[in-house]
Amino acid sequence: MSTTNAVTVADVPAGLTRDDKFYRTDGNLVLRAENTLFRVHRSVLTEMSSVIADTLQLPQPEHSSDKEGESDARPVKLPGDTAQQFRSLMWALYSRPDEVKKYLETSDLESRCCRLLDLVAITHKYDCPDLMNWALDLASGCCKTIDKPSTNLVTALIHMYRLGLLGFVDWAEPAVRRGSLADVSLIRLASASTWTSIESFAYYRIVCRGPSCWSALGVNSSENLRLLRGYVNLSETWTLIAGRVPPIEHVCGGSPGVHATGPCPTACITVWDEICRNPKVVKLGVLNKDSTVDIQGRLAAAAGLVEHAFAVAPRTIIYTQSYGTNRPSPPDTGISGWHGIMCRAAFRDSVNAYAARSEKMIQRCAAALLQHLLHSIIASRSPSPCKE
Ligand SMILES: [Zn+2]
């Protein structure tokens, strides 16, 4: 809309400002969000939301000559709403369809997403489900395409977690994880919103940087203690993982488990040990001496080695006759013990499944790191740290 505020600002109470766009001279209701005054049409708001309509119908003090909402001196206060949220709501209510279309097509992705999230938050509060779902649908589309969401956007998303919106976590969590909000801030915000998977994700990232980096991040003493516990937990967990071959469904007749019998199960144990010592796994993040705790990274590297070996030599080659000195040597798979494994697909699947479950494993460590030292629990636990 092209109408702008042309009214003198002489009467504006100290400390307040009139909104540039939504302080309308022909409006009949003055509202205040934070330190910004809005002047809009009462009917536009009451038709939109019964929650607002009820608020505006609250009885006025009898002795008051100046009714609430009729002047800058006595605006209707909007507790809990930010000026930006209310401005976004007014934008949605006052813009023509062609203006909305143009905005959605031409605006900066990041600011568009923030506006739509503001709109989701405020329409949720004022119980306008249709408008909220419209904004939510567009916001999720925007979020999915932003490579590295800004700190503002991530903050808005974390606040929104508390609303418990259907399907929200599915698209918002990847965006928060990709975002540029510093990990310590992420921990504190996620903790306040009780978004535990994000909290443990941020803890994990800090833990992986190693204790020498923590003080520079400005963590407080209780956070430091949690990080230290997590560090110990994850270090212990890696030792446990490296010491036990992932459970394999043998089709060769060999028995699985720690007390494996038969050449294939024995080879699996040897190969897993070799993989867990492979430089690509243990020297992950060469510059980071604390990478021992990056279980996710290490298991992903292990899965990568196995994938490569499987691609080079998917099946066991059985030599039925001696070739003497001309006998071909087996192809180099990068894992010297690989040729001893007969159940290769099962081994690969098992390592992949292990890597895929590492996120849950870390969350358990993170949950434990908030309470106990994991290694004290491990002693009495099931044989595999991955076991659900
Ligand atoms: Zn086997």
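Predicted model: local features only at pLDDT ≥ 70, side-chain atom pairs only at ≥ 80, totals over all residues.
Residues are numbered from 1 along each chain as its sequence is written.

The secondary structure of the protein comprises 18 helices and four strands; helices (H or I, at least four residues) and strands (E, at least two) are DSSP runs, numbered from the N terminus. Of the 388 residues, 34% count as buried, a residue being buried if 20 or more other C-beta atoms lie within 10 Å of its own, exposed if 12 or fewer, and partly exposed in between, with C-beta atoms placed from the backbone.

The four strands form an open sheet in the order 1-3-2-4, with mixed pairing; two strands pair if DSSP finds at least two bridges between them. Strand 1 (17-23) and strand 4 (76-77) stand at the edges, each with a single partner strand, so one side of each has no neighbour in the sheet.

Strand 2 (residues 29-33) pairs with strand 4 in the parallel sense over two bridges. Here Leu31 stands opposite Val76, and Arg32 stands opposite Lys77. With strand 3, strand 2 pairs in the antiparallel sense over five bridges, and Arg39 in strand 3 is the bridge partner of Val30. The hairpin of strand 2 and strand 3 has two residues between the strands, and Glu34 takes a positive phi near 50° there.

In a regular strand the side chains alternate between the two faces of the sheet. In strand 2, Leu29, Leu31 and Ala33 point one way and Val30 and Arg32 the other way, and all are buried. Because five of its five residues are buried, strand 2 is largely enclosed by the rest of the structure.

Among the helices, helix 5 (residues 109-125) and helix 6 (residues 129-145) pack at an angle of about 150°, with their axes 8 Å apart. Axes are lines fitted to C-alpha atoms, for helices over the stretch in contact, and angles run from 0 to 180 degrees between N-to-C directions. This makes helix 5 roughly antiparallel to helix 6, as angles over 145 degrees count as roughly antiparallel, those under 35 as roughly parallel, 65 to 115 as roughly perpendicular and the rest as oblique.
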